[in-house]
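Open the structure in your viewer and keep the selection tool at hand. This tour goes stop by stop, with something to select at each one.

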Amino acid sequence: MFNCEMIPAENVGVKHAKWDKRDGYQVNRDCYNSYFYLVEDESTNIIDKFRLHGRKYIEHLTGGSALHMNLNEHLSKEQYAHLIKVATREGCNYFTFNIPNTICNDCGHIDKRNLKACPQCGSEHTDYLTRIIGYMKRVSNFSQARQKEAAQRYYAAAGQL
């Protein structure tokens, strides 16, 4: 068993990467995250992400694991049901779907889609909300290192399922 508590916390991920770099370890990014795959890698498919967070791997961890499945759009009811079956089959017991929500900085409208302009007032002065362990947070409120990491995240399309 490995004591491997996943710590996705914004500031802790940045601090740990900085401390490791200072101590001479090879650190490939300015911010650690809790993914078991490279967040910017488009070649890791949706099913494999469930597999990587499934029983074959998490049975060796004392701290548990959570799959944050980044999608660029909401899925159909049938697609969500399929992924729940995949999670059950693979033993991925804790997961969530992250789909960027758009918030207009001018009129305050929130849309559940990833948009470049506000559908209500047409403004392009938008920000994005993402799920952070039970609540939504503006990406612009992340630390600089976490914003850089968040910008690298690959969001899979429903058609890749």
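**Stop 1: threonine 96**

Select threonine 96 and show what surrounds it. Leaving out residues up to four places away in sequence, threonine 96 touches Leu67, His68, Met69 and Arg131. Keep in mind that this is a predicted model. Threonine 96 is part of strand β2, which covers residues 95-98. Is threonine 96 buried or exposed? It counts as buried, because its relative accessibility is 14% and the buried class takes in values under 20%.

Along the chain, threonine 96 and methionine 69 are 27 residues apart. Draw a line between their C-alpha atoms: the separation is 6.1 Å.

**Stop 2: the aromatic rings**

Stay in the area of strand β2 (residues 95-98). Select Phe50, Tyr80, Phe95 and Phe97 together. These four residues form one aromatic cluster.

How many aromatic pairs does the model have? The count comes to four. Start with tyrosine 35 and tyrosine 37. Their rings make an edge-to-face pair, 5.4 Å from centre to centre, with 70 degrees between the planes. Tyrosine 35 is buried, at 11% relative accessibility. Tyrosine 37 is buried too, with a relative accessible area of 9%.

Next, pick out phenylalanine 95 and phenylalanine 97. This pair is also edge-to-face: the centres are 5.7 Å apart and the planes make an angle of 75 degrees. Color phenylalanine 95 by accessibility. Its relative accessible area is 25%, so phenylalanine 95 is partly exposed.

**Stop 3: arginine 51 and glutamate 90**

Move to helix α2, residues 46-52, and select arginine 51 there. Arginine 51 counts as partly exposed, at 34% relative accessibility. Which residues does arginine 51 contact, apart from its neighbours within four places in sequence? They are Tyr57, Arg89 and Glu90.

Arginine 51 and alanine 87 lie 36 residues apart in sequence. In space, their C-alpha atoms are 7.8 Å apart.

Now turn to glutamate 90, in helix α4 (residues 77-90). Show the side chains of glutamate 90 and arginine 51. A polar contact of 3.4 Å joins them. Is glutamate 90 buried or exposed? Glutamate 90 is buried, with a relative accessible area of 15%. Setting aside residues up to four places away in sequence, glutamate 90 touches Phe50, Arg51, Gly54 and Arg55.

**Stop 4: aspartate 20**

Go to helix α1, residues 10-22, and select aspartate 20. Aspartate 20 is partly exposed, with a relative accessible area of 25%. Show its surroundings next. Not counting residues up to four places away in sequence, aspartate 20 touches Tyr25, Val27 and Tyr32.

**Stop 5: asparagine 101**

Select asparagine 101, in strand β3 (residues 101-104). Asparagine 101 is buried, with a relative accessible area of 11%. Where does its side chain reach? The side chain of asparagine 101 comes to 3.0 Å from the backbone oxygen of isoleucine 99.

Now widen the view around asparagine 101. Residues up to four places away in sequence are again left out. The contacts of asparagine 101 are then Asp111, Lys112, Arg113, Asp127, Tyr128, Leu129 and Met136.

**Stop 6**

Then highlight β5 (126-132) and α5 (144-152). Each of these two elements supplies at least two residues of the lining. Finally, color the lining by class. The second largest pocket is lined by six nonpolar, four polar and three charged residues.

Definitions and conventions:
Residues numbered from 1 in each chain as written. Predicted model: local features only at pLDDT ≥ 70, side-chain atom pairs only at ≥ 80, totals over all residues. Heavy atoms only, no water. Helix = DSSP H or I, 4+ residues; strand = E, 2+ residues; numbered from the N terminus. Nonpolar A, V, L, I, M, F, W, Y, C, P; charged D, E, K, R; others polar. Buried < 20%, exposed > 50% of the residue type's maximum accessible area, 1.4 Å probe, protein only. Polar contact = N/O pair within 3.5 Å; in protein donor to acceptor, adjacent residues only side chain to side chain. Contact = heavy atoms within 4.5 Å. Phe/Tyr/Trp six-rings, centres within 6.5 Å; stacked < 30°, edge-to-face > 60°.
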